[in-house]
Amino acid sequence: MIGLPSNTRVWIVAGHTDMRKGFDDLAAMVQTALQTNPFCGHVFVFRGKRGDILKVLWFDGQGLMLLAKRLERGRFVWPQATSGSVSLTPAQLSMLLEGIDWRMPVRTHEPLLAA
C-alpha cells in the first residue's frame, strides 16, 4: 500500500459497487452517496458484489488514484450496512487489503510476560 499522510481518513463505502465504474463514476458516488468531496484527500474503498474485488479511490494532491485488488481465494470482509460509510484506520485498511478480518483481528500467539 502507498504510504498515506497521517491525517488521512479511510472510508468504506457500504453496499456493493459495480466494479466496471472508473474514476468519474466512483467520484460521483462519493459526492452523492456520502455527501463528501472526493478531492478532499480521504481514501474511499468500494467492494464488488462477489466480494473478491476492491477499488480504492484517493486524491493525493495532484490527481485521483484508482487502485484495484482481486483476491484469488477468499473474500474481503465488509460491513453489513447497505448504505452510508464506515471509517477505518490505515492499519485496518492494510488488514482489509490482505483479506484479514479487520473488525476483530486475532493474534496468532499471546506474548509471554517476563516473570
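This is a predicted model: local features need pLDDT of at least 70, side-chain atom pairs count only at pLDDT 80 or more; totals for chains, interfaces and linings use all residues.

**Helix α1**
- Within α1, which spans residues 23–33, the residues Leu26, Ala27, Met29 and Val30 are buried; because they cover an arc of only 150° around the axis, they lie on the same side of α1.
- An α-helix has 3.6 residues a turn, so residues three or four places apart point the same way.
- Asp24 and Thr32, by contrast, are exposed and sit on the other side of α1.
- After α1 comes glutamine 35, for which phi is positive, near 55°.

**The sheet**
- An open sheet is formed by five strands, which are arranged in the order β4-β3-β2-β1-β5 with mixed pairing.
- The edges are taken by β4 and β5 (85–88), each of which has a single partner strand, so that one side of each is left without a neighbour in the sheet.
- From one strand to the next, the twist averages 25°.
- The pairing of β1 with β2 is parallel and extends over three bridges, while tryptophan 11 stands opposite phenylalanine 44 in β2.

**Helix α2**
- Helix α2, made up of residues 90–97, lies across β1, β2, β3, β4 and β5, and it runs at about 105° to β5.

How values were computed: Residues are numbered from 1 along each chain as its sequence is written. Side-chain values use heavy atoms; hydrogens and water are left out. Buried means under 20% relative accessible area, exposed over 50%, partly exposed in between (1.4 Å probe, protein chains only). Helices (H or I, at least four residues) and strands (E, at least two) are DSSP runs, numbered from the N terminus. The arc is that of the directions from the helix axis to the C-beta atoms. Two strands pair if DSSP finds at least two bridges between them. Axes are lines fitted to C-alpha atoms, for helices over the stretch in contact, and angles run from 0 to 180 degrees between N-to-C directions. Contact means heavy atoms within 4.5 Å.
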